[in-house]
Amino acid sequence: MSEIMVVRHALSHNGLTGLGGKKDFAPHQLSQALGAMFDQAHGACLAAVWASWARYVYQANPARFARYARNVWDIEASFSVEEAALAGIAATEAYFQALGMPAGLPALIGRQDDAVLDQLASLCSYRGTRTIGTFRVLDEQDMRAIFAAANERL
């Protein structure tokens with residue numbers, strides 16, 4: 001199985017996006033829009049948006065991300081909840097990079113201009129008619145912000 005398939009399988013099927021609670025497939029939906037527009041592998045698209053999504057939503061329940069960080073990445077118990085949450089997100093991003101996966105849009109498809117980011121958010125939100133996510137419900141503006149953050153990650 002290729003590294004891309006391993007990451008795709010891991011992200012899609014092991015509960016990572018649910019972090020032990022109600023499942024949230026917002027990163028999946030963001031990556032679907034990205035893959036559709038740029039004809040990229042789903043796993044690579046997930047890797048390119050996951051950390052930006054996580055940094056955008058973690059404050060809705062930082063303890064949940066901290067638990068993930070401690071259980072999956074052995075993040076130190078001495079870290080505050082917020083420090084642990086952010087360290088877990090960073091560890092996940094570093095893991096993807098260690099596998100040769102993109103951690104942002106520039107590594108996947110190159111840096112994109114504002115018009116493309118607008119198109120991605122419009123595509124993902126069905127032109128503003130749907131929201132995504134359960135951990136934190138995201139509208140078209142939120143999706144645009146996540147794509148913009150991913151556009152700044154290497």
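**Figure 1. An aromatic cluster in the predicted model.** In this predicted model, a single aromatic cluster is formed by Trp50, Trp53, Tyr58, Phe65, Tyr68, Trp73, Tyr95, Phe96 and Phe135. The count of aromatic pairs comes to eight.

**Figure 2. The aromatic pair of Trp53 and Phe65.** The rings of Trp53 and Phe65 are tilted, with 50 degrees between their planes and 6.1 Å from centre to centre. Trp53 belongs to helix H3 (residues 42-57) and Phe65 to helix H4 (residues 62-73), so the pair ties together parts that are twelve residues apart in sequence. Both Trp53 and Phe65 are buried.

**Figure 3. The aromatic pair of Tyr58 and Phe65.** Phe65 also pairs with Tyr58, in an edge-to-face arrangement. Here the ring centres are 6.5 Å apart, and the angle between the planes is 80 degrees. Tyr58 has 5% relative accessibility and therefore counts as buried, since buried means under 20%. Phe65 counts as buried because its relative accessibility is 0%.

**Figure 4. Arg130 over the ring of Tyr126.** Arg130 lies over the face of Tyr126, at 4.0 Å from the ring centre.

**Figure 5. Helix H5 (residues 81-98) and the glycine that follows.** Helix H5 has 18 residues, which at 1.5 Å a residue should span 26 Å. The C-alpha atoms at its ends are 25 Å apart, which agrees with that expectation. The buried residues in H5 are Ala84, Ala85, Gly88, Ile89, Thr92, Glu93 and Phe96. One of them, Phe96, is also part of the aromatic cluster. Gly100 follows H5 and has a positive phi, near 85 degrees.

Notes:
Residues are numbered from 1 along each chain as its sequence is written. This is a predicted model: local features need pLDDT of at least 70, side-chain atom pairs count only at pLDDT 80 or more; totals for chains, interfaces and linings use all residues. Side-chain values use heavy atoms; hydrogens and water are left out. Rings of Phe, Tyr and Trp (its six-membered ring) pair if their centres lie within 6.5 Å; planes under 30 degrees apart count as stacked, over 60 as edge-to-face and the rest as tilted. Helices (H or I, at least four residues) and strands (E, at least two) are DSSP runs, numbered from the N terminus. Buried means under 20% relative accessible area, exposed over 50%, partly exposed in between (1.4 Å probe, protein chains only). A charge sits over a ring if NZ of Lys or CZ of Arg is within 6 Å of the ring centre and within 35 degrees of the ring normal. The expected span of a helix is 1.5 Å times one less than its number of residues.
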